[in-house]
Amino acid sequence: MGGSDDRKEVKATPDAGAEGTAKHQPAEDEELNRRLSHIKHKILVLSGKGGVGKSSVAAGLAVDLAKRGKRVAVLDIDIHGPSIPRLLGVEEERVVGTEGSIHPVVSSTGVAVMSMGLLLQGRDEAVIWRGPLKYGVIKQFLRDVEWGELDYLIVDSPPGTGDEPLSVAQLIKGVDGALVVTTPQAVSTNDVRRSIGFSRQLELPILGVIENMSGFVCPSCGTKVDVFGSGGGASMAEDVGVPFLGSIPIDPELVKACDAGTLGPFLAGGTPAAAAFAETVAKIIDRTEGKPNKEAKLHSEPTADKPEAASNADTADKRAGKGQRVAVPVTGGKLSAHFGHCEEFVIFSPKETSEGTAVEAEVVDVLEAPPHQPGLLPAWLNERRVNVVIAGGMGSRAQELFSQAGIEVMVGAASTDPKEIVQSYFDGTLVAGQNVCDH
Ligand code: ADP
């Protein structure tokens, strides 16, 4: 980032027109969308409260992704307490810009960084801005920063559900999803559930929950001691029907690496914490790249033909209308009695016949089933805009989770041709039998 004559340090002042903000400015929006179209995956990192290690986890995930050859940037939207520059060892650097564009700082790990901390003149300078100004500066970060081609943009949000994550959700079309970081102590509080509720309200898909500071692995003998308990994150995730992505143990070396900006060497060190980061990143890649990205885009750009995610209130309307998406678990071409272990989900929608009165069941999607994970399917299918599931059998707890996700469940269907089953459902002649498998 050497300075040339036409480059100058960028000041921490948001757009003059930033105040008032959520107003529509087509040319600017076009520029924002153009810039974002070069970024394949956008992930928002959230936590219910401060101090759970959200920024450390966001930085660690970014560095691990970069280690795998991904092109990664972190946008730190914690305007009042930016910590990403320190974590990525670029605290002393300042961004430079030319007219209309700002160049992020690139850390030695290859991760590009943009943060309010890279704009402030002094380390202890405070920023006091109200919501609209924050929206303006976040928009500027997204629109004016020369991100270039990226595989991942990780957005590190301040704790809670304030203006900053809300701005990102409004500004970025097609966010792949939110990662919610918690700790064994924090998991029992309502804060983390609030973050999940917040994402759902904004129809941000939830990529999953990460439990940080989850036990301590003794460096001498390798025994794991659950200092504050562990496993709470996984059971909470199951409870609310979102995926659980991993547990990162307490590691004093991680604190040192965070303070010294040396996460790169730390993550190459083969420690249990480094391995936990790697496992978590593998799951994130699987959930973002393994699944068609178009789904996230459809999810965030609803149109009349591409309905928004289901909710209890509108399920009934969707059943009657075009937005209906009925999922059938299928194995070997037939409805699978083992719902959680099927090969694929075949999604049907009603198609009007030429007579214009009856409807025909039409296959609109075939989705490879995700690896079995308790509690995952309601959220997974909800994200794929499914509003009805027809199954051979399903446990009562799972049925409850589907209902909470706004998905109607029909059990007791026979293990026959899925299209015939859905056709009889559309015709109103499907007879639900016994719940054949309470698995
Ligand atoms: P947040 O962004 O949630 O406020 P930080 O990432 O700033 O939290 O982390 C808070 C403190 O916890 C920092 O000192 C950080 O080094 C430490 N920390 C984070 N994760 C771990 C961990 N797995 N083991 C030990 N210390 C950790």
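**Aromatic cluster and cysteines**

The model is predicted: local features need pLDDT of at least 70, side-chain atom pairs count only at pLDDT 80 or more, and totals for chains, interfaces and linings use all residues. Residues are numbered from 1 along each chain as its sequence is written, and side-chain values use heavy atoms, with hydrogens and water left out.

A pair of aromatic rings is described by the distance of the centres and the angle of the planes. Rings of Phe, Tyr and Trp (its six-membered ring) are paired if their centres lie within 6.5 Å; planes under 30 degrees apart count as stacked, over 60 as edge-to-face and the rest as tilted. Four aromatic pairs are present in the structure. One of them joins F339 to F345 in an edge-to-face arrangement, at 5.7 Å centre to centre with 70° between the planes. F339 and F345 are both buried, where buried means under 20% relative accessible area, exposed over 50% and partly exposed in between (1.4 Å probe, protein chains only).

F345 also pairs with W380; this pair is tilted, with 5.8 Å centre to centre and 50° between the planes. Because F345 lies in strand β15 (residues 344–352) and W380 in helix α13 (residues 377–383), the pair ties together parts that are 35 residues apart in sequence. Helices (H or I, at least four residues) and strands (E, at least two) are DSSP runs, numbered from the N terminus. Both F345 and W380 are buried. Ring pairs link F339, F345, W380 and F402 into a cluster.

With a disulfide defined as a pair of cysteine sulfur atoms within 2.5 Å, the count is zero. C258 counts as buried because its relative accessibility is 5%, and C342 is likewise buried, at 9%.
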